[in-house]
Amino acid sequence: MSNHNDGRQKTGIHALEILFLAFVGALVLAAFVEAFSYKLVSSRTPFVIMVPLIALIGVQAFQLRKAGALAEVRYHIGEAMRGRNAVFGKLGWLLATFVVVGLLIWTLGHYIGVAIFMLALMRWFARERWVLALLVTAGTVAALFLLFEQGFNVELYRGLLFRYLAGYRVF
């Protein structure tokens, strides 16, 4: 691991913070631009939330820039691209699992997507027994169904496959 000019060790926390800040900033800016297409009554709440959030993101970015964190970002991204940073590798796997869950939910719906994801996490990553993994997965999906469908009367997304089988021509 490399050191800063003043002898402090580069930990990667600034790199993670800058990447997270860039990601959140991009989402907030996209939502901010989209809020201009709303009617005035509907756009007040997003603007009231996003204007201070954009200001806070700007202040934090300025502080990180002043602390010289950009050089640390370049160093850690270079190390991650060469496969020498375990933290970024774990974050890469986490990001990949989020993408997989999103695709599962998009194609198969919330219930099946959550069930497959939970089962995979419990069985292969946590190395739990099949019985426990199936019971916890079934209990969680049942709780989600009861909470949303029965309790809140909110129908969760069923997925593209369900829509296609129901007669919608989505493909």
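## The largest pocket

About 430 Å³ of space lies in the largest pocket of this predicted model. Here a pocket is an open set of points on a 1 Å grid over the protein atoms alone, where a 1.4 Å probe fits, with protein on both sides within 12 Å along at least five of seven lines. The volume is the space filled by probe spheres set on those points, which are joined across faces, edges and corners.

Its lining (residues with an atom within 4 Å of a point) is made up of Leu16, Leu19, Phe20, Phe23, Phe88, Leu91, Gly92, Leu94, Leu95 and Phe98. Helix 1 and helix 4 (86–108) are the elements giving two or more residues, and helix 4 gives the most, with six. Helices are DSSP runs of H or I, at least four residues long, numbered from the N terminus. The lining splits into nine nonpolar residues, one polar and no charged. Ala, Val, Leu, Ile, Met, Phe, Trp, Tyr, Cys and Pro count as nonpolar, Asp, Glu, Lys and Arg as charged, and the others, Gly among them, as polar.

## Two domains

The chain is divided into domain 1 (2–81) and domain 2 (92–165), with bounds from an automatic or database domain assignment. Their C-alpha centres lie 31 Å apart. Both domains give residues to the pocket lining, so the pocket lies between them.

## Helix 1 against helix 3

Helix 1 (residues 13–35) packs on helix 3 (residues 69–81) at about 95°, with axes 8 Å apart. The axes are lines fitted to C-alpha atoms over the stretch in contact, and angles run from 0 to 180 degrees between N-to-C directions. The two helices are therefore roughly perpendicular (65 to 115 degrees).

Contact means heavy atoms within 4.5 Å; among the residues that meet are Ile18 and Leu19 in helix 1 and Val73 and Ile77 in helix 3.

## Reading the numbers

Residues are numbered from 1 along each chain as its sequence is written, and side-chain values use heavy atoms, leaving out hydrogens and water. As this is a predicted model, local features need pLDDT of at least 70 and side-chain atom pairs count only at pLDDT 80 or more, while totals for chains, interfaces and linings use all residues.

Methods
Parallel < 35°, antiparallel > 145°, perpendicular 65-115°, else oblique.
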